[in-house]
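Please keep the viewer open as you read.

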Amino acid sequence: MPGHLATTTLNLTTGPAERILDLTGACEDFLARTAEGGDGLLNIFVPHATAGIAIIETGAGSDDDLLSALHSLLPADDRWQHRHGSPGHGRDHVLPALVPPHATLPVIGGRLELGTWQSVCLVDTNKDNPERTVRLSFLG
């Protein structure tokens with residue numbers, strides 16, 4: 001039986017500050033239109049060299065904790081070989097090695113299968129690029 005594939009693109013403005021943006025609602029809306037109540041996989045991909053996708057809790061401080069942890073691991077200073085852009089921008093290019101630019105999640109009965117406190121989030125520490133594209137693909 002051939003599979004069903006649907007893809008959409010989200011065009012997002014993250015602004016001039018580091019940000020974690022919750023994409024869960026957009027993922028659920030996409031699945032409501034395309035999954036037809038079936039089972040499959042949702043792939044979330046951000047085609048940028050300075051952003052990632054994380055599955056984390058939001059709204060209770062975990063998103064701010066993640067940004068703080070990234071500041072500790074990847075300081076915005078002049079240690080980076082990659083030096084164009086704002087000071088410390090080289091760290092933004094290391095981010096996807098720690099927060100990958102993709103995630104693949106199960107879809108059961110047309111619904112995203114997340115834990116109680118889990119959300120799908122875009123992690124963007126790059127202050128130089130406020131426009132982001134995220135691709136959602138459902139394979140059922």
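Predicted model: local features only at pLDDT ≥ 70, side-chain atom pairs only at ≥ 80, totals over all residues.

Residues are numbered from 1 along each chain as its sequence is written, and side-chain values use heavy atoms, with hydrogens and water left out.

Start with the overall outline. The chain has three helices and eight strands; these are DSSP runs numbered from the N terminus, with helices being H or I of at least four residues and strands being E of at least two. Reading from the N terminus, the order is β-β-α-β-β-α-α-β-β-β-β. The C-alpha atoms fill a box of roughly 55 × 30 × 25 Å along the principal axes. The radius of gyration, taken over C-alpha atoms, is compared with a globule rule of 2.2 Å times the number of residues to the power 0.38. For 140 residues a compact globule would come out near 14 Å, and the chain has 16 Å, which agrees. Of the 140 residues, 43% count as buried, where buried means under 20% relative accessible area, exposed over 50%, and partly exposed in between (1.4 Å probe, protein chains only). Contact here means heavy atoms within 4.5 Å. Among contacts with a separation of 6 or more, 82% are between residues 24 or more positions apart.

Now zoom in on a sheet. Three strands form an open sheet in the order β2-β7-β4, with antiparallel pairing. The edge strands are β2 and β4, each pairing on one side only, and the twist averages 30 degrees from one strand to the next. Two strands pair if DSSP finds at least two bridges between them. Strand β2 (residues 19–22) is joined to β7 by four bridges, and Arg19 stands opposite Asp124.

How much of β7 is buried? Six of its six residues are, so to speak, under cover. In a regular strand the side chains alternate between the two faces of the sheet. In β7, Ser119, Cys121 and Val123 point one way, while Val120, Leu122 and Asp124 point the other way, and all are buried. Strand β4 is largely enclosed by the rest of the structure, because five of its six residues are buried.

The largest has 23 residues, of which Leu23, Leu42, Ile44, Leu122 and Val134 touch the most other members. The elements that give this core two or more residues are β1 (5–13), α1 (24–34), β3 (40–45), β4, β5 (102–108), β7 and β8 (131–139). Apart from it lies another core, of 12 residues, among them Leu66, Trp80, Val99 and Val123. For a close look, select Ile44: leaving aside neighbours within four places in sequence, its contacts include Leu23, Cys27, Ile53, Val120 and Val134.

Helix α2 lies across β2, β4 and β7, running at about 135 degrees to β4; axes are lines fitted to C-alpha atoms, for helices over the stretch in contact, and angles run from 0 to 180 degrees between N-to-C directions. In helix α3 (residues 90–98), the buried residues are Gly90, Arg91, Asp92, Leu95 and Pro96. They pack against β4 (51–56), α2 (62–73) and β7 (119–124).

Last, the cysteines. A search of the whole structure finds zero disulfides, a disulfide being a pair of cysteine sulfur atoms within 2.5 Å. For Cys27, the nearest cysteine sulfur is that of Cys121, 9.5 Å away. Cys27 counts as buried because its relative accessibility is 0%, and Cys121 counts as buried at 0% too.

Note on methods
Core = buried A, V, L, I, M, F, W, Y, C linked by side-chain atoms within 4.5 Å.
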